[in-house]
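Please open the model in your viewer and keep the selection panel at hand.

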Amino acid sequence: MVHKAGFVNIIGNPNVGKSTLMNRLVGEKLSIITSKAQTTRHRILGIVNQENYQIVFSDTPGILQPAYELQHSMMDFVRTAFEDADILLYIIESGESELKDQSFFAKIQHSKIPVILLINKIDLSTQDEVVGQMKIWQDKLPNAIIYPISALNNFNLQVVLEKIIELLPESPPYYPKDQLTDKSERFFVNESIREKILLNFKKEIPYAVEIETESFEEEENIIRIRSVIMVERDTQKGILIGHKGLALKRIGSEARIDLEKFFEKKIFLELYVKVNKDWRSNERQLKRFGYKE
Ligand SMILES: Nc1nc2c(ncn2[C@@H]2O[C@H](COP(=O)(O)OP(=O)(O)O)[C@@H](O)[C@H]2O)c(=O)[nH]1
Ligand SMILES: [Mg+2]
């Protein structure tokens, strides 16, 4: 039997639907999704296993011009995704023109590996607009294979998956066949809490937040979790906790509902807030949170 396996790395500007796409292709909510840029901060693997193939998808942060140390690390994750890809999935939003970083676009143009360009969110466009977009992109990236899709509505994703399988190199699997991702249980707890903070707070709070799960204890009928939410300043701590602790309570109960689905078990989630001054610009803190080697 011929076995195929490879790395299929998803890249693109912020907010185009990279995480939605990976979750759909893998069939699990591995990456958090919001309408805000910089929702995804890490490179997250999602592995699809079948008897005769293994696809290792990578979701990556949206491409941006980094302004502080954390964002530099985020772009390092994008860079590594270019280096080990067997297939690039370059995803754009209907109507979008340029990548936020020209050097990344040049890498796509000169890529020696197959590039699949996905024009996403076509549920928001007319048929004529989609046809026009496909023409424009075929000129810009003559070597790319182009598909219009709607990740949200699961439209055309089966066709994309079949193309990926066709293009996969012959190789033994890279990961055990029962493995779904490279991230730990604690990582998904942290991300779930961060998603609720992104959804509940405007402005700078979500960008100043990092979560650390201090304990994760699985018992027969329940998982007991204690996580700390770190912010950069005292004022942010007050906002996160809210009047009579209501804001924090809401984050906790929304995250718990998602985590009970994800782990298929009852969850007890304890949250508290701590100030970790300017962690986003601190090399040592970024290492501690897994943003740097
Ligand atoms: N209308 C529409 N919205 C989408 C589609 N795919 C993703 N979105 C939305 O676009 C936003 C960003 O999605 P996300 O997957 O987090 O994008 P990422 O930043 O590229 O990872 C979210 O609000 C999604 O619900 C789509 O096919 N159609
Ligand atoms: Mg994302």
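How much space lies in the largest pocket? About 410 Å³ lies there; a pocket is an open set of points on a 1 Å grid over the protein atoms alone, where a 1.4 Å probe fits, with protein on both sides within 12 Å along at least five of seven lines. Select N15, G17, T20, I33 and T34, the closest to the pocket's centre among its 26 lining residues, which have an atom within 4 Å of a point. The lining comprises nine nonpolar, 13 polar and four charged residues, with Gly counted as polar. Helix α1 contributes most to this lining, with three residues.

This is a predicted model, in which local features need pLDDT of at least 70, side-chain atom pairs count only at pLDDT 80 or more, and totals for chains, interfaces and linings use all residues. Residues are numbered from 1 along each chain, chains are lettered from A and ligands numbered from 1 in written order, and side-chain values use heavy atoms, without hydrogens or water.

S19 belongs to α1 (residues 18–26), whereas T40 lies 21 residues away in the loop between α1 and β2 (44–50). S19 is buried because its relative accessibility is 8%, and buried means under 20% (1.4 Å probe, protein chains only).

Finally, select β7 (210–218) and β9 (266–275), the edge strands of an open, mixed sheet ordered β7-β8-β9.

Conventions. Helix = DSSP H or I, 4+ residues; strand = E, 2+ residues; numbered from the N terminus. Buried < 20%, exposed > 50% of the residue type's maximum accessible area, 1.4 Å probe, protein only. Points joined across faces, edges and corners; volume = space filled by probe spheres on them. Pairing = 2+ DSSP bridges.
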